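Colleague: I'm new to this one. Can you put it up and walk me through it?

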Amino acid sequence: MNRIETEKLTFSKMLRIYCRKVHKIQSGLCIKCEKMNEYALIRLDKCPFGEEKPNCKHCKIHCYKPDLRVEAKRIMRIAGPHMIYRHPVLAMKHILKSGKR
Ligand SMILES: [Zn+2]
(Lines give C-alpha, C1' and ligand atoms only; values in the text may rest on other atoms or scores of the structure.)
Protein backbone atom coordinates (compact mmCIF):
# COMPACT_ATOMS: atom_id res chain seq x y z
CA MET A 1 0.00 0.00 0.00
CA ASN A 2 1.49 3.37 -0.91
CA ARG A 3 1.56 6.44 1.21
CA ILE A 4 -1.50 8.14 -0.22
CA GLU A 5 -3.56 4.94 0.10
CA THR A 6 -2.45 4.56 3.72
CA GLU A 7 -3.44 8.13 4.48
CA LYS A 8 -6.83 7.66 2.89
CA LEU A 9 -7.46 4.56 4.94
CA THR A 10 -6.27 6.23 8.13
CA PHE A 11 -8.43 9.26 7.54
CA SER A 12 -11.55 7.21 6.81
CA LYS A 13 -11.07 5.21 9.98
CA MET A 14 -10.56 8.32 12.05
CA LEU A 15 -13.64 9.87 10.55
CA ARG A 16 -15.63 6.77 11.39
CA ILE A 17 -14.54 6.94 15.06
CA TYR A 18 -15.23 10.66 15.19
CA CYS A 19 -18.69 10.32 13.65
CA ARG A 20 -19.71 7.61 16.09
CA LYS A 21 -18.43 9.54 19.10
CA VAL A 22 -19.55 13.02 18.17
CA HIS A 23 -22.52 12.53 15.88
CA LYS A 24 -23.70 9.29 17.50
CA ILE A 25 -23.94 7.43 14.22
CA GLN A 26 -23.86 3.70 14.87
CA SER A 27 -22.79 2.45 11.47
CA GLY A 28 -21.35 4.26 8.49
CA LEU A 29 -21.08 8.03 8.38
CA CYS A 30 -23.55 10.89 8.64
CA ILE A 31 -24.04 13.05 5.55
CA LYS A 32 -21.66 15.72 6.79
CA CYS A 33 -18.87 13.23 7.49
CA GLU A 34 -19.52 11.49 4.20
CA LYS A 35 -18.89 14.79 2.45
CA MET A 36 -15.79 15.38 4.53
CA ASN A 37 -14.51 11.94 3.61
CA GLU A 38 -15.08 12.56 -0.08
CA TYR A 39 -13.35 15.91 0.11
CA ALA A 40 -10.35 14.53 1.97
CA LEU A 41 -9.90 11.65 -0.47
CA ILE A 42 -9.96 14.03 -3.41
CA ARG A 43 -7.42 16.30 -1.72
CA LEU A 44 -5.14 13.32 -1.17
CA ASP A 45 -5.50 12.22 -4.79
CA LYS A 46 -4.53 15.69 -5.90
CA CYS A 47 -1.69 16.09 -3.41
CA PRO A 48 1.21 17.40 -5.52
CA PHE A 49 3.76 15.67 -3.31
CA GLY A 50 2.48 12.17 -3.99
CA GLU A 51 4.71 9.62 -2.30
CA GLU A 52 6.87 12.41 -0.90
CA LYS A 53 3.92 13.84 0.92
CA PRO A 54 4.77 15.26 4.35
CA ASN A 55 2.37 14.81 7.22
CA CYS A 56 -0.54 17.16 6.49
CA LYS A 57 0.11 18.99 9.75
CA HIS A 58 3.52 20.05 8.49
CA CYS A 59 2.52 20.70 4.91
CA LYS A 60 3.00 24.23 3.62
CA ILE A 61 0.24 24.11 1.06
CA HIS A 62 -2.79 23.72 3.33
CA CYS A 63 -4.97 22.47 0.54
CA TYR A 64 -8.12 22.25 2.69
CA LYS A 65 -10.66 25.02 2.67
CA PRO A 66 -10.36 26.94 5.98
CA ASP A 67 -13.58 25.66 7.52
CA LEU A 68 -12.83 22.07 6.57
CA ARG A 69 -9.33 22.44 7.94
CA VAL A 70 -10.79 23.31 11.31
CA GLU A 71 -13.07 20.29 11.06
CA ALA A 72 -10.17 18.01 10.10
CA LYS A 73 -8.18 19.17 13.12
CA ARG A 74 -11.11 18.36 15.37
CA ILE A 75 -11.43 14.92 13.84
CA MET A 76 -7.74 14.19 14.42
CA ARG A 77 -7.88 15.46 17.98
CA ILE A 78 -10.89 13.40 18.93
CA ALA A 79 -10.22 10.24 16.94
CA GLY A 80 -6.43 10.27 17.23
CA PRO A 81 -6.13 8.69 20.68
CA HIS A 82 -8.62 5.94 19.76
CA MET A 83 -6.63 4.96 16.71
CA ILE A 84 -3.88 3.56 18.93
CA TYR A 85 -6.26 0.94 20.31
CA ARG A 86 -8.38 0.23 17.28
CA HIS A 87 -5.84 0.41 14.49
CA PRO A 88 -2.42 0.23 16.12
CA VAL A 89 -0.51 -0.38 12.88
CA LEU A 90 -2.00 2.60 11.09
CA ALA A 91 -1.63 4.75 14.18
CA MET A 92 2.02 3.84 14.53
CA LYS A 93 2.72 4.68 10.91
CA HIS A 94 1.07 8.02 11.47
CA ILE A 95 3.03 8.74 14.62
CA LEU A 96 6.36 7.67 13.16
CA LYS A 97 5.75 9.89 10.18
CA SER A 98 4.84 12.88 12.36
CA GLY A 99 8.01 12.31 14.32
CA LYS A 100 10.35 12.56 11.40
CA ARG A 101 8.38 15.53 10.06
ZN1 LIG B 1 -20.68 12.49 11.38
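This is a predicted model: local features need pLDDT of at least 70, side-chain atom pairs count only at pLDDT 80 or more; totals for chains, interfaces and linings use all residues.

Colleague: How much space lies in the largest pocket?

Modeller: About 830 Å³. A pocket here is an open set of points on a 1 Å grid over the protein atoms alone, where a 1.4 Å probe fits, with protein on both sides within 12 Å along at least five of seven lines. The volume is the space filled by probe spheres set on the points, which are joined across faces, edges and corners.

Colleague: Which residues lie nearest its centre?

Modeller: Asn55, Cys56, Lys57, Met76 and His94, out of 30 lining residues; lining means having an atom within 4 Å of a point.

Colleague: And which helix gives the most to the lining?

Modeller: H3, with eight residues. Helices are DSSP runs (H or I, at least four residues), numbered from the N terminus.

Colleague: Where does Asn55 lie, and is it buried or exposed?

Modeller: Asn55 is in the loop between H2 and H3. Its relative accessible area is 5%, so Asn55 is buried (under 20%; exposed is over 50%, partly exposed in between, with a 1.4 Å probe and protein chains only).

Colleague: Changing topic, what is Lys8 in contact with?

Modeller: Leaving aside neighbours within four places in sequence, Lys8 touches Leu41, Leu44 and Asp45, contact being heavy atoms within 4.5 Å. Lys8 is found in helix H1.

Terms used
Residues are numbered from 1 along each chain as its sequence is written. Side-chain values use heavy atoms; hydrogens and water are left out. Helices (H or I, at least four residues) and strands (E, at least two) are DSSP runs, numbered from the N terminus.
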